[in-house]
Amino acid sequence: MSLPQFEVQQPQTLGEALKILSEVKGAEPIAGGTNLMVDMRAGTHQPRVVVDVAALRDLHGIEVTDTEVIIGAATTIAEMLESPILAKHATVLVKACSSFANALIRNRATVGGNLVTAAPCSDTAPALLTLDAEVKLASVRGMRRVPLEKFLVNAFSTIRRSDELLVSVRFRIPSATATGAFRKMGLRKVSCMAKVDVAVLLDGDTTGRCTSARIALAAASPVAVRARAAEAALVGKALTPEAIAAAAALAAKAAAPRAGSEYKLRVVEALVRRLLAEAALALTRGGSNA
Amino acid sequence: MSDRVTPKPLPPHHLPSLKQIGKPLRRVDALGKAVGATVYAGDFSMPNMLHAKVFRSPIPSGRIVRLDVSKARALPGVACVLTGADLPNARLATDLPGQTGRAQRKGSDAPVLAIDIVRFHGEPMALVCAESLEIAEAALQLIDFKYEALPGVFCPEEALQPDAPKVSGDDNVVARWQVRKGDVEKGMAQADVIVENTFYVPFVEHAYIEPEAGVAWVDEQGVITIRVCTQVVEHFRTVAKALGIPQNRVRVQGTMVGGGFGGKEDVTVEIFLALLARATGRPVKLVYTREESFLATSKRHPFKITHRTGVRRTGRITAAEITMLADSGAYPYLTPYVLLYATGMAAGPYKIDNVKIDSVAAATNQPFTSAFRGFGGPQAAFAYESQMDEIAKALIIDPLELRRINYLKTGDTTVTGQAIRSAAWSEECATRALAALGDKTPDSPTRKVGRGFASYFQSYGRITWFHDTSRAWVGMELDGTVVVRCGVPDIGAGQSNSLCQIVAEVLGVPLERVTIYATDSAVTPLAGTSTATRQLYMSGNAVLQAAGVVRASLVKKAAEMLGVSLEDVDLDNDFAVAMSQQGPGVPASGDSRATAPQSRTSCCGNSEVRGSRGLPLAEVVAKAAASGLPLAHLAQFNAPFTDGLDPETGQGDIWPDFTFGAHAVEIAVDTETGEIEVLKSAACHDVGRAINPAAVRGQIAGGSHQGLGYALMEEYVVEKGMTKTPSLAEYLIPTSCDFPATDVIVLESGTGVGPFGAKGIGEPALTPAAPAVANAVADALGVRIFSLPFTPEKVIAAADAGKDVVKPDRHW
């Protein structure tokens, strides 16, 4: 199908954009459009007005402060993949970006779009969940910051109100020793939706004891989730193969695949175990960055 | 280990060295594609052109209660809307009786647009054309369709139940074949072991890069002209029949095709375009979207295949009993013939004296199924090669040894009683493919490495009871350049180039000096379909004949001019030369038998010396023309004409010849995630003679990856008749990142029935890949998966089942 008729608004400032979103009924933001355009062509989603936010300066750039990394919502996956800041502070996110779709899509798709779409198989969401990321939502009524975990409600559902724009994602810089790992399992190596995504971020002290563990899953439940029971089981413990295996078994319990896809529980358990072991091994070698 | 499988030495064979044949020359179609100059069907537009869309059934089975198009017709910008009610007599003939004069199969027609009943999700119901694509799409939305859902039948086994809803005829049986050879009861009684297994393969989508497209217009003579991507320009006859007009009032101009794989063998957009162009008198364009291409066109047949094989302890197979059940979908199309090919290939390249095969295809309210690269062969091969490894396992014998004991050899007869007349290098191919895998990759605790291979045999050329023919015209211009006219559709496999390379060889001109006009039903001699791996065989022989006649004129004139005998003249690199002063070359004959095997070694003196001793070809052409010698010739090549198979026994000689080969892979299975990684892939085929080795390697590389996709990811999912994989986001095909390049080993026995001893390789390249993977997975896990594709869920289940299985020791 061709695209249906619709109106495009191209605000020059964030303020203008928020004004349009608050005043024009049925207006929806568009950035990379890699999901929205497909849905519009298919006729499954037909906004009357789209608000092009891709060029808004306030939504761009990856910054680092003393304590935080802040990523503009319209930052493309390709830009994240090439960011020295993320390479230094958030390798788990860079790894997620490298498995994202294909090079063409990565050039257009944005981190904000990926989170707002809230597809079950989002690749950035599990990585950002392990970083304890927060999203910043803006509207003419003001700003609010929400933990990503709360922002994601269900498949294709978030707490974003229709007049709100996701402007940035931020997370505290992980400790210098924290080590991240990410694995996407799909039916082919590129250009595919995840069957299972697993992200982990692990930190430990010099004795090999786990001081912090974050584990997140995607495509194994309606929306990306943290495996909190598994995390809790690791903190304070030595990262032995037994402890890791026990945590992996708990992580599988956090997954809720669709009927007929129960095999994903097995995949989650195996991948969590492997990624934890990989991260634990890196920790014993002094740890890398997240 | 690489040294454990030794390539079997090739039998003595003679392969003459030629000047153009066997050289990886730059293909005549390469430059246009590389620079974007090739005008594909969807790229073409005309002034004053309308844009068409098709309204399709949103349900798999129902009665049309109302199909009101009045609002669509009234929409400004809409030029024409047609429904089945406007075309009560328009039928789409799906049978291809060829030139035999036989009647079409009863019940093989489909309505062009549904009348009263819809039988599958996506069935065409109405045509719209408008001033713009957007208006045409808007008009589709205004069509008011009310239906009464009817109970459907969604699996061929259900379809054959007496109380099943009827989709086709009074029993849903679209076709049946049977083979009775020897005495199966006796053969089973002689067996020490009987192995029985059932195998399943799914619907598969062609997924070519170019969706179906075309533009039609009525020319100044009133001829309906359709410029379309098709494998069959002879569908002008099908269009004429559907429109009820004479065949000489329809012209199909084929384009360069962006992939066919059998999906453009049936009519796609042609009749719709012709109807709309006739109704409006204006040019009309119709281009399917990817989603429409998925929904509207044929799929590869799902099959359920059961093998029951009797075998002696020694490994000798004594009997095979095989049943096949195929899903025809809602309309027959080529199902009866696909089923026939599957039946004829069902037992694989093995000599089995006692055989009983029963195959049946049933109609369902599913997507219709038809030709797809291999035409029943890949489904059959997945089953018979999986079965061979299961037999080897039961006998505790090496799979290669088991096959070696049973391989068909030249002179043996197939299950349908046809003698193998050409080289049957199964073992030569299998040992080379296996040896090419090199050293085995070691296992790790959660990653089990397995190896497998598969052999196959497959016909090339159409069933000979179709009385297949092809025509080609070859002419010399006065400046010594050459024109070829041949109705061959080039579907990207190098069809045009091969013909040009053959003509260049025969006429002694460089390939660049040959121009081909192809694939136009009105102005190029009809060459038949680019299907059934037949074009090199059929049209290759036709151009060989035509060029041979032209060559004879040139040689005659050159002999006079040089003052030497006819036998002494060769044509080489734009010169006519006397071989007695030059060295040997190609003899003057257009007959393939005479030309190929008796050719001598190449003339490879340097051109300046040749030039000084020879005559420029253009001078010879001018003199030949002046004396009235024929410098152009239209040749017709006829395949052998035979009768059909005996209906009771399935015995008969119905294929021109067979290609043999093998594929071997090494794979790693992640036993926890169910992922399979292809580590190594090697394919070895006897292509008879590689006309252009680069093109042959490309065919094999592409075919092997299409086959690996069949094994590992491709599945067109249909639930209760509704497509669940509507686009390339859900239906995954391999990308260039997914598999290693296949190591391609080309053998040339020179024994095929094509020009210069060529066999066909287009379809066979795909066939052995999936069963090779199946056998490698079974080797890795110790447990077999009986259905394609090997998805993570199936692999995890098999890994669990195989946890404690002790794997047999294997030499390779």
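A residue is buried if 20 or more other C-beta atoms lie within 10 Å of its own, exposed if 12 or fewer, and partly exposed in between, with C-beta atoms placed from the backbone. This model is predicted: local features need pLDDT of at least 70, side-chain atom pairs count only at pLDDT 80 or more, and totals for chains, interfaces and linings use all residues. Residues are numbered from 1 along each chain as its sequence is written, while chains are lettered from A and ligands numbered from 1 in the order in which they are written.

**Exercise 1. Classify B:Asn172 and B:Thr519 as buried or exposed.**

Step 1. Count for B:Asn172: 22 other C-beta atoms lie within 10 Å, so B:Asn172 is buried.
Step 2. Count for B:Thr519: 28 other C-beta atoms lie within 10 Å, so B:Thr519 is buried.
Step 3. Check the backbone. B:Asn172 is not a glycine, yet its phi is positive, near 65 degrees. B:Thr519 is not a glycine either, and its phi is about 55 degrees.
Step 4. B:Asn172 sits in the loop between α4 (156–159) and β9 (173–181) of chain B. B:Thr519 sits in the loop between β21 (514–518) and α14 of chain B. Helices (H or I, at least four residues) and strands (E, at least two) are DSSP runs, numbered from the N terminus.

**Exercise 2. Describe the surroundings of B:Lys556.**

Step 1. Locate it: B:Lys556 belongs to helix α14 (residues 535–562) of chain B.
Step 2. Count: B:Lys556 has 17 C-beta neighbours inside 10 Å, so it is partly exposed.
Step 3. Find its contacts. Two residues are in contact if their C-beta atoms, placed from the backbone, lie within 7 Å. Leaving aside neighbours within four places in sequence, B:Lys556 contacts B:Leu566 and B:Leu629.

**Exercise 3. Find how helices α11 and α12 of chain A cross.**

Step 1. Take the axes, which are lines fitted to C-alpha atoms, for helices over the stretch in contact; angles run from 0 to 180 degrees between N-to-C directions.
Step 2. Read the values: the axes of α11 (residues 241–254) and α12 (residues 263–284) of chain A come within 8 Å and cross at roughly 140 degrees.
Step 3. Apply the cut-offs: under 35 degrees is roughly parallel, over 145 roughly antiparallel, 65 to 115 roughly perpendicular, and the rest oblique. Therefore α11(A) and α12(A) are oblique to each other.

**Exercise 4. Locate the cis peptide bond between B:Leu788 and B:Pro789.**

Step 1. Read omega: about -10 degrees for this bond.
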